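I opened this entry to record what I looked up, item by item.

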Amino acid sequence: MKAGFVLKPVVDEGLKKLFFDIQKVFESKGIEVYIDMLSAKLIGLLGMDFEKMCQEVDFLVALGGDGTLISVARRSYKFDKPVLGINAGKLGFLTDINPENIDEFLDSFLNGNYRIDERMVIEVNYQENTLYAFNDVVISKEIISSMIRINVDTNESYLNSYYGDGLIISTPTGSTAYNLSAGGPVVYPLTEGFVLTPICPHSLTQRPLVLPSHFEIEVECDNAKAKLIIDGQEIFDMKGKIKVKKAKNPAKLIHRMERNYFDVLREKLNWGDGK
């Protein structure tokens with residue numbers, strides 16, 4: 001079995017040591033460890049081109065925070081490889097394996113005692129390019145002192161015209177990211193649907209909206225300057241229309257069998273214990 005590692009882009013001595021420690025555990029279980037070229041350079045190794053690595057390995061490992069896992073899931077989407085998140089970040093909403101539990105988890109993993117969650121992915125058609133978003137697509141104003149108007153149509157009918165700082169189109173997985181900060185709802189991650197949340201709308205009547213996943217959404221801005229942001233990590237000048245729809249295949253995340261989403265919510269959002 002082969003695993004391909006990607007590290008978070010800011011590597012300190014602690015993360016470097018952690019990778020080598022984890023590498024030893026993987027290899028002690030008979031799992032070959034590969035590392036992508038950019039990550040390898042950060043820790044003084046020779047690595048492999050990311051796309052070639054995706055072709056070679058059985059699964060990918062994101063060593064970092066949720067942002068690292070989101071990046072790996074999006075960049076590897078076309079290779080249809082499951083992704084394991086090892087939490088070396090702060091939040092750990094998606095990366096639920098802690099470094100101290102690696103040995104125990106790998107024993108369970110090799111015995112087939114794990115699960116793969118399939119998460120909806122957004123496909124964006126933009127200027128003859130196809131982009132993918134694991135968390136969200138954001139249309140945001142470029143100039144701080146101005147607002148933008150965003151017109152939204154669906155394959156069912158014209159939907160709305162939003163006027164304000166922007167619009168978030170989120171997957172259920174991304175509902176606990178920027179969407180939540182902007183006042184959008186928390187959506188169970190294995191649900192399939194789009195969450196549309198306006199950013200600081202210039203109207204008290206503009207509210208978040210959940211649409212079914214079979215809808216196709218067309219978005220166009222007025223002449224104001226705007227940015228198209230994919231997962232908070234890829235940024236484009238927003239020119240003309242974009243078309244948003246559910247991607248053909250889901251992203252696959254490897255989790256412990258015992259992982260419970262509502263336990264994660266209570267822990268990460270500091271919810272009460274319900275007693």
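**Helix α4**

I started with helix α4 (residues 66–75): 8 of its 10 residues are buried, so the helix is largely enclosed by the rest of the structure. Buried means under 20% relative accessible area, exposed over 50%, and partly exposed in between (1.4 Å probe, protein chains only). Helices are DSSP runs of H or I with at least four residues, strands are runs of E with at least two, and both are numbered from the N terminus. I listed the buried residues of α4: D66, T68, L69, I70, S71, V72, A73 and R74.

**Ground rules**

I am working on a predicted model, where local features need pLDDT of at least 70, side-chain atom pairs count only at pLDDT 80 or more, and totals for chains, interfaces and linings use all residues. Residues are numbered from 1 along each chain as its sequence is written, and side-chain values use heavy atoms, with hydrogens and water left out.

**Rings**

I searched the whole structure for aromatic pairs and found 12. One of them joins F109 and Y114, tilted, at 4.7 Å centre to centre with 45° between the planes. Rings of Phe, Tyr and Trp (its six-membered ring) pair if their centres lie within 6.5 Å; planes under 30 degrees apart count as stacked, over 60 as edge-to-face, the rest as tilted. I checked both partners: F109 is buried at 7% relative accessible area, while Y114 is partly exposed at 28%. Ring pairs link F109 and Y114 into a cluster with F5, F19, F20, F26, F59 and F105.

Next I looked for charges over rings (NZ of Lys or CZ of Arg within 6 Å of the ring centre and within 35 degrees of the ring normal). The charged end of R75 sits over the ring of F50, 3.9 Å from its centre. R149 has its charged end over the ring of Y163, 4.6 Å from the centre.

**V186**

I found V186 in the loop between α6 (178–181) and β12 (193–199). V186 is partly exposed, at 32% relative accessibility. Leaving out residues up to four places away in sequence, V186 touches S175, T176, L180, Y261 and L265. Contact here means heavy atoms within 4.5 Å. From V186 to S170 I noted 16 residues in sequence and 11 Å in space, C-alpha to C-alpha.

**F262**

My last stop was F262, in helix α7 (residues 261–268). Its relative accessible area is 42%, so F262 counts as partly exposed.
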